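User: I would like to learn how to read a few features of a structural model, taking them one at a time. Could you give the general idea of each and then turn to the case at hand?

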Amino acid sequence: MDKRNIQNIIALANELRWKIGDDFHDNLAEGIYADAAEIVEDAIIDKNRDRKERLDNKIDRIVTSRVWGFPIMFSILALVLWITIKGANYPSAFLADILLGDVRPMLKSFAASLNFPWWLSGFLIDGVYLAVAWVIAVMLPPMAIFFPLFTLLEDFGYLPRVAFNLDYLFKKSGAHGKQALTMSMGFGCNAAGVVATRIIDSPRERLIAIITNNFSLCNGRWPTQILLATIFIGAVVPASLSSIVSLGAVFGIAVLGIFFMFFVSWTLSKTLLKGEVSTFNLELPPYRPPDFWRTIYTSIIDRTLIVLWRAIVFAAPAGAVIWLISNLYIGDQSIAAWMIHYLDGFGFLIGLNGVILLAYIVAIPANEIVIPTILMLTVLVTGMHIGEGAGVMFELDSVNDTASVLKAGGWTLLTAINVMLFSLLHNPCSTTIYTIYKETKSMKWTVLASILPIIMGFVVTFVVAQLWRIFVN
Amino acid sequence: MDVLPHSNCENCQHFNADGLKKLGVDTTDFDFVVALAGNPNTGKSTVFNALTGLRQHTGNWPGKTVTRAEGAFQYNEKKYKLVDLPGTYSLLSTSDDEEVARNFILFGKPDVTVIVVDANRLERNLNLVLQILEITDKAVLCLNLMDEAKRNNIEINIRSLAKDLGIPVVPASARYKEGIPELIQTISDVASGKIICKPHRIKNIPKDIEEAVKILSLKIKKEFPNIPNSRWIAFRLLEGDNQIIEALESGVFV
Amino acid sequence: MYTYNPIYALLIFIVVSMVIFLLFRPNRGLFWKIRSIYRIDDKIVIEDILKQLYHNEAKQIGINFLVNALGYRDSTIISGIDKMIDGNLVYFEGEHLTLTEEGHDYALKIVRVHRLWERYLAEKTGFDKSEWHGIAERKEHETDDEEAKNLASSLGNPIFDPHGDPIPTSSGKIAELDSIPLSGLKVGDIGKIINIDDNPELIYKQILAENIHIGSQLKVLENNTTRVTFYSEGEEYRLAPIVAANIKVLKVNTPEEILEDNVIRLTGLKPDETAIIEGISKESRGDSRRRLLDLGFVKGAEISIDLVNPFGEPTAYFVKGTTIALRDDQARKILIKKD
């Protein structure tokens, strides 16, 4: 071949393009479809052309109807969340019993029989192993229930109808209707929610969905909310109302998260992301009976285990760090104590304390280990004799015991409210951050998605703390 | 017309069931490369899983497979590498998915391209099929979801379809493993050259464009006598596709 | 433990956030304004003057006109003109400035880059129509010849910008258009919109708000000193003559080009009706347009409403055997012919 000839061909193409004008693409697309129509004409006999007669359409008319559409949608979401939270309790307790109650002492005595020095067995078993075991015990069961349920709905074809029903609300905030689904997925796990944004094929709306997914209160944060609401908020009302009120408070936090999601989506679409390409279309595929067992199998493999693996990879070093900062001393205090000391001032300003801030820093791999870390650190700084020593995370079976530890750590109702707010509004866990980077392949958007919520968290807790101090105290 | 021929093929002499071995992800030393293309949500991944024995998740969502998956199977002593391309509606646009799919068919030069289509939405699926047939002349149409089509009372004249498209057409219901043996046999026939395709080329094009395409594709053919898709490259040049222009300049097509 | 006055803390916070807001709020923030003033240099002033002279070649332009039109200080403009005279881009004819041949070529190059950028913004980005002009105004000064060439070839060397204005080629060729202002059509005339002027901005935004599209065919129903009324794509529009003057049309004379009156926008389709797609408006561009074509929204396809949304939008349409939901702003850009 000859380079000059090639250049001639390209030049000729440019000239011809000028001649045939702007409509080339349209003409070609129309031409292809015209061919397709002719071929189909020859080959297909559709005895049932009227789609309205088909079952699909009948189902659609119900699930997108003005009367039934929303009740069906919310009850399905509520049902899925309820099954997840209720159903996860037993296997979680079972796993915790084995991994923390049985395996850990075994490892301990095994290490002792090998004459491990205290710091090595502390570092490996109380640090690394404990964090990993904890994450598995609290994370695996809910995800193993939530994702298959969600995937079944997805395979059946119901989820695109939800996107269709809700698109108008999301359009108002510059987002895509399918964000309703990635958001719901985020109630299970933000990392999985971020992966799920692949279904949004418009670049701008996909970025919005990725960056705002963290405003969905994930599985790792529901228990924190429920615990704190029960201890502190349930306590300010008469006992007969306490469970309703604390449940309402948790629900309120979740709704607040949805509000922030809409607000941030809107802001992003009007500012930073307004130049990204936006194309909307939403195909409503036919309903298909899901292949039950295969769906269960693949959703556990594809979603649950991948996310769990990432969490473990991040939890192991975090466990090590948690143990180390509590056991390494500078001068007469452990590193943890020093850090808590330095963080206390800022923590107080935003209605939290140094322990909480440090817990959120070291427990970045998983929200699940925030409360155990807080308890451990509180015991560490108050010098109480609960738990198993410095650097060993623990949880208490009784809510009252937990309450007394926290109160000894100086917690008030304001602290509890602000921790609930901060639990909603802080940086995504490291698994999610890593997933965001994987999905966007962009440092810029990953950093934005990580720091935006925590800045909002600081602002909100700060304002609440000041108002509280002005009006309540 | 027989809408859904049952896989009695497994017992027939042509198909050698013992000759099939699913190799999963072991994609080393293959004899043929097979690309799997198709619209989103046509059960493409199910076909992929049925051929390779792998278990990729398939959702009832347009556009689930974003990355390219690879697998392998062995049939009658020949090893086939199977590449699952992202599901796309077309190859004319510029989204990432489409570029991955298009570049593989164009530059990866697969020995066979299997196009999975939804029998219920044939017309829209043909949009992609006709584009692929402009790029490659070794293709097999896998008419998937025949079970649903039957439920919807849609009858398809397989022979007429195959004749119009100029490539073999295999009806299948990949979920129930129906039609898969026939598909494998057909893939092997096309790969080995037993079946020669005469793919359909797009006809309904305005005169001035057809003229321009003719001039360009003749010139391209002169420079690259061995390529089957000079006409398609002409389309892309008229569209002003920079990637194709660069490919021409660097001579990747030879 | 810690003692401070929360009221002061809150006040400091409010003051700081207000300062940040005033500095950085989108477009109108003080920081952006200062930066844009700081960025003005001779090149930008000269190029802006060239463009004004080019666009107003028919008029006789003096310094006052430029000061008014561009909003720069007198001294800035005068020093710019001095440099242009030195560079042989313009000369004075009495009070009036006239472009030299070199000046004309330079101006054409700026216009080319501006329109290429607008085309790029329309095809490859998600910026709103109303923002294209402003961004292109900035970019035109930062783009050199090589970049302009790459930009053009990445867009497939387009002939028109998204407003319908011709883009000059690198050799200075420019497509000719016999357009007339909409206000120049007589009652009963049929025209096709080929250009909507994006300047002045106020009028442009008004036209955008009416959802008037380039490429639409229209029929004038009324044209007098107070208003221009016309029918287009199933709807009636009323505009002030000054607004209508900013819409340029080609008069349609040949009967075969005239669309029938029952060609309307897809938003005009009602449930239980069936229609044939007539085409996609030129206003649908880039990926969005290509995706619609891919999905089967092509001329001749049969379309009907499959599902109506509880909120009224989007609507699910049944086309080529599939159900696809579109928002109203997309459906408005698809033309159909009802049976």
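User: How many of the 9 residues of helix H11 (residues 286-294) of chain C are buried?

Analyst: Before counting, keep in mind that this is a predicted model. Burial is read from relative accessible area, and a residue counts as buried when that value is under 20%. By that reading helix H11 of chain C is mostly covered, with 8 of its 9 residues buried. The buried set consists of Gly286(C), Ser288(C), Arg289(C), Arg290(C), Arg291(C), Leu292(C), Leu293(C) and Asp294(C). Just after this helix, Gly296(C) adopts a positive phi of about 105°.

User: Which residues of chain C lose the most area to chain B?

Analyst: An interface can be read by its contacts and by the area that is lost on putting two parts together. Here 12 residues of chain C touch 13 residues of chain B, and the area buried between these two chains is about 1,100 Å², with carbon and sulfur atoms giving 43% of it. On the side of chain C, the residues that lose the most area are Arg290(C), Asp294(C) and Lys320(C), which together make up 45% of what that side buries.

User: In what order do the 6 strands of the open sheet in chain C lie?

Analyst: A sheet is read by asking which strand pairs with which, and pairing requires at least two bridges between two strands. In chain C the order is S3-S8-S4-S5-S6-S7, with antiparallel pairing. Strand S3 (180-181) and strand S7 (235-239) are the edge strands, each pairing on one side only. Within the sheet, strand S4 (residues 190-196) and strand S5 (residues 217-223) run antiparallel and are joined by 3 bridges; Lys192(C), for instance, has Gln217(C) as its bridge partner in S5(C).

User: Why does Asn144(B) count as buried?

Analyst: The same cut-off of under 20% applies to single residues. Asn144(B) counts as buried because its relative accessibility is 2%. This residue is found in strand S6 (residues 139-144) of chain B. Leaving aside neighbours within four places in sequence, the contacts of Asn144(B) include Thr42(B), Gly43(B), Val47(B), Val116(B), Asp118(B) and Ser173(B).

User: How far apart are the mean positions of the positive and negative charges of chain C?

Analyst: In chain C, the mean positions of the 42 positive and 53 negative charges are 4 Å apart. For chain A, with 34 positive and 35 negative charges, the mean positions likewise lie 4 Å apart.

Key
Residues numbered from 1 in each chain as written. Chains lettered and ligands numbered in written order. Predicted model: local features only at pLDDT ≥ 70, side-chain atom pairs only at ≥ 80, totals over all residues. Heavy atoms only, no water. Helix = DSSP H or I, 4+ residues; strand = E, 2+ residues; numbered from the N terminus. Lys, Arg positive; Asp, Glu negative; His and termini not counted. Charge placed at Lys NZ, Arg CZ, Asp CG, Glu CD. Buried < 20%, exposed > 50% of the residue type's maximum accessible area, 1.4 Å probe, protein only. Contact = heavy atoms within 4.5 Å. Buried area = accessible area lost by both parts, 1.4 Å probe.
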